[in-house]
Amino acid sequence: MSESITRRGFMLVLSSPSGAGKTAIAHRILETEDNMSLSVSVTTRSPRPGEINGKDYFFVDRPTFDGMVQRDEFLEHAEFCGNCYGTPREPVRKALEEGKDILFDIEWQGTQQIAENAREDLVSVFILPPSMAELERRLFSRAQDSEEVVRQRMATAAAEMSHWNEYDYVIVNINFEESVKNVRSIIQAERLKRLRQNGLAGFVNAMRSQTILP
Ligand code: 5GP
């Protein structure tokens, strides 16, 4: 490809009720996509066993979070099950400008805010579980949260799922590998979108102006 064709990055948002598999899908995608990085959110939630500060989340207290809101440091932020979550704005701006894609594991309120502010840079995917029974089984088998937290998350799952029709793509996560393959197909297609490829007009015009010898 000509050096004059560059690409603006996009924001790939994966949303789903807790336990539908989006975090596992996100991690697998990041293992194989060179040009994609994860947006690390800030949260007031306590770390789960095995979670690392700065990698899974930036874990902060409520006054720190509120200070970031006041200084307009979030691209979006929302409250979920009694905790606050937000996406730092600056790393996203930088990545998009450099033509890098960013993956977000965020819920529907945050996705709506990004859609309002940057629709053209957003590609949104909603992951559905195959059934409520399977969602409950996955949440309990993950064994990272207390029973009370799992019950709270199950209770919000139906409300979260009602937002499926605000997303560009919907995947029913029956088979993990198949779902990962589907997300990769979405990434491939979105990278080829005409509007994301800068300099195409110049490239085509230069080619058309070249004389073809008889
Ligand atoms: P968890 O506590 O299970 O890690 O996340 C709870 C929910 O918050 C998930 O649906 C997750 O996608 C969402 N979430 C994580 N980070 C953010 C964020 O920065 N903004 C928003 N709006 N949601 C987030």
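**View 1. Asp121 sits in the loop between helix H4 (108-118) and strand S9 (122-128).** Helices (H or I, at least four residues) and strands (E, at least two) are DSSP runs, numbered from the N terminus. The model is predicted: local features need pLDDT of at least 70, side-chain atom pairs count only at pLDDT 80 or more, and totals for chains, interfaces and linings use all residues. Residues are numbered from 1 along each chain as its sequence is written, and side-chain values use heavy atoms, with hydrogens and water left out. Asp121 is buried, at a relative accessible area of 12% (buried: under 20% relative accessible area, 1.4 Å probe, protein chains only).

**View 2. The side chain of Asp121 makes a polar contact with the side chain of Arg8, at 2.8 Å.** A polar contact is a pair of N or O atoms within 3.5 Å; within protein, one must be able to donate a hydrogen and the other to accept it, and residues adjacent in sequence count only if both atoms are side-chain atoms.

**View 3. Strand S9 pairs with S2 and S10.** S2 (residues 11-15) runs parallel to S9, joined by 5 bridges. Val13 stands opposite Ser124. S10 (residues 169-172) also pairs with S9 in the parallel sense, over 4 bridges. Here Val125 faces Tyr169. Pairing requires at least two DSSP bridges between the strands.

**View 4. S9 is largely enclosed by the rest of the structure, because 7 of its 7 residues are buried.** Leu122, Ser124, Phe126 and Leu128 point one way; Val123, Val125 and Ile127 point the other.

**View 5. The whole structure holds 0 disulfides (cysteine sulfur pairs within 2.5 Å).** For Cys81, the nearest cysteine sulfur is that of Cys84, 12 Å away. Cys84 is buried, at 4% relative accessible area.

Technical notes:
Buried < 20%, exposed > 50% of the residue type's maximum accessible area, 1.4 Å probe, protein only.
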